[in-house]
Amino acid sequence: MLDDRLRREAAALLRAAERERVPVRPLTERFAGIDAEDAYGIQLINIERSLADGARVTGHKVGLSSPVMQAMMGVDEPDYGHLLDTMELRPDTPVPAAAYCAPRIEVEVGFVLGADLPGEGCTGADVLAATERVVPALELIDSRIADWRITIADTIADNASSAGYVIGEGRDPRELDLRAVEARLATGSEVLAAGRSDAVLGDPVRSVAWLARTVARFGVPLRKGHLILPGSCTRAVDVTAGRTYTADFTGLGPVSLSFS
């Protein structure tokens with residue numbers, strides 16, 4: 001494990017990479033012995049810095065929760081990151097692609113909490129009882145690690161590669177079979193990716209419960225009003241400036257994001 005000085009050094013490298021849009025080589029190549037515990041500590045250092053600068057936590061995301069995403073990134077377990085109000089995007093406002101290092105988008109069924117979730121011991125039933133609505137979502141991910149050459153420790157430290165998100169209106173989760181929501185991502189008439197919500201740990205509800213139990217170890221609560229992104233139904237797609245990307249979900253409808 002790393003001592004506090006090395007964790008803060010790693011956090012500063014990632015913060016500078018995000019600010020200057022110049023990615024760094026993998027932390028696992030620079031900090032011998034870095035593990036997941038170190039990585040979550042590094043993530044929290046930068047989140048606390050953002051909060052001190054005036055940002056506000058609006059939710060959390062689970063990353064790498066589907067086999068296709070784990071294979072794409074070369075890892076074998078999920079991770080999690082924080083969502084901040086500074087990451088909120090709008091479907092009617094183009095996002096400057098050049099503001100990121102290597103942006104990609106993911107297709108997700110989001111959960112908006114109407115009540116706090118329990119931590120240790122959280123179950124799928126708890127998740128459904130606490131969810132106010134499920135929403136169509138696009139997550140913008142970005143890696144401050146060069147060429148997306150990430151291990152699980154790299155992506156955890158990098159706030160699970162979080163960068164932004166946009167959501168639609170959604171509906172009551174009890175009105176849908178949340179394991180069978182079909183999703184399709186397209187730009188214009190070109191279909192880029194397709195999948196189903198059960199690609200996320202077999203059931204996205206299970207992913208949210210996993211998150212609640214996992215973050216509880218670090219004293220992080222999942223609160224009423226938070227948005228939870230449980231993981232992508234499809235592979236991630238590289239972003240191209242000048243294009244609009246639309247994800248369409250059975251039972252939930254579409255959500256779009258444009259890039260300039």
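Buried means under 20% relative accessible area, exposed means over 50%, and partly exposed is in between, with a 1.4 Å probe and protein chains only. Helices (H or I, at least four residues) and strands (E, at least two) are DSSP runs, numbered from the N terminus.

First, the ground rules. This is a predicted model, where local features need pLDDT of at least 70, side-chain atom pairs count only at pLDDT 80 or more, and totals for chains, interfaces and linings use all residues. Residues are numbered from 1 along each chain as its sequence is written, and side-chain values use heavy atoms, with hydrogens and water left out.

Now, α7. This helix covers residues 204–216, which is 13 residues. From its first C-alpha to its last it reaches 19 Å, close to the 18 Å expected at 1.5 Å a residue. The expected span is 1.5 Å times one less than the number of residues. Among the buried ones are P204, V208, W210, L211 and V215.

Next, the sheet. Two strands pair if DSSP finds at least two bridges between them. Here 4 strands form an open sheet in the order β7-β6-β10-β11, and the pairing is antiparallel. Which strands stand at the edges? They are β7 and β11 (253–258). Each has a single partner strand, so one side of each has no neighbour in the sheet. Neighbouring strands are turned by 15° against each other on average, direction ignored. For that angle, axes are lines fitted to C-alpha atoms, for helices over the stretch in contact, and angles run from 0 to 180 degrees between N-to-C directions.

Let's walk along that sheet. Strand β6 (residues 182–187) is joined to strand β7 (residues 190–196) by 6 bridges. Look at A183: its bridge partner in β7 is G195.

Another pair is β1 (57–63) and β2 (residues 79–84). They run antiparallel and pair over 6 bridges. H60 stands opposite H82 in β2. How many of the residues of β2 are buried? The count is 6 of the 6, so this strand is largely enclosed by the rest of the structure.

On to the pocket. Rolling a probe the size of a water molecule over the atoms shows where empty space is left. On a 1 Å grid over the protein atoms alone, a cavity is a set of points where a 1.4 Å probe fits but cannot get out; a pocket is an open set with protein on both sides within 12 Å along at least five of seven lines; lining residues have an atom within 4 Å of a point. Grid points are joined across faces, edges and corners, and a volume is the space filled by probe spheres set on the points.

The largest pocket has a volume of about 650 Å³. It is lined by 26 residues, and E18, S50, L84, T86 and M87 lie nearest its centre. Which helix gives the largest share of the lining? That is α3, with 5 residues. By type, the lining divides into 11 nonpolar, 7 polar and 8 charged residues. Nonpolar here is Ala, Val, Leu, Ile, Met, Phe, Trp, Tyr, Cys and Pro; charged is Asp, Glu, Lys and Arg; the others, Gly among them, are polar.

Find T86 again. R56 and T86 are 30 residues apart in sequence, but 7.7 Å apart in space, C-alpha to C-alpha. R56 sits in the loop between α3 and β1. At 48% relative accessibility, R56 is partly exposed.

Most residues other than glycine have a negative phi, and most peptide bonds are trans. D147 is not a glycine, yet its phi is positive, about 60°. D147 lies in the loop between β4 (131–141) and α6 (152–157), and is exposed, at 67% relative accessibility. A160 also has a positive phi, about 55°, without being a glycine. A160 lies in the loop between α6 and β5. Buried or exposed? A160 is buried, with a relative accessible area of 4%.
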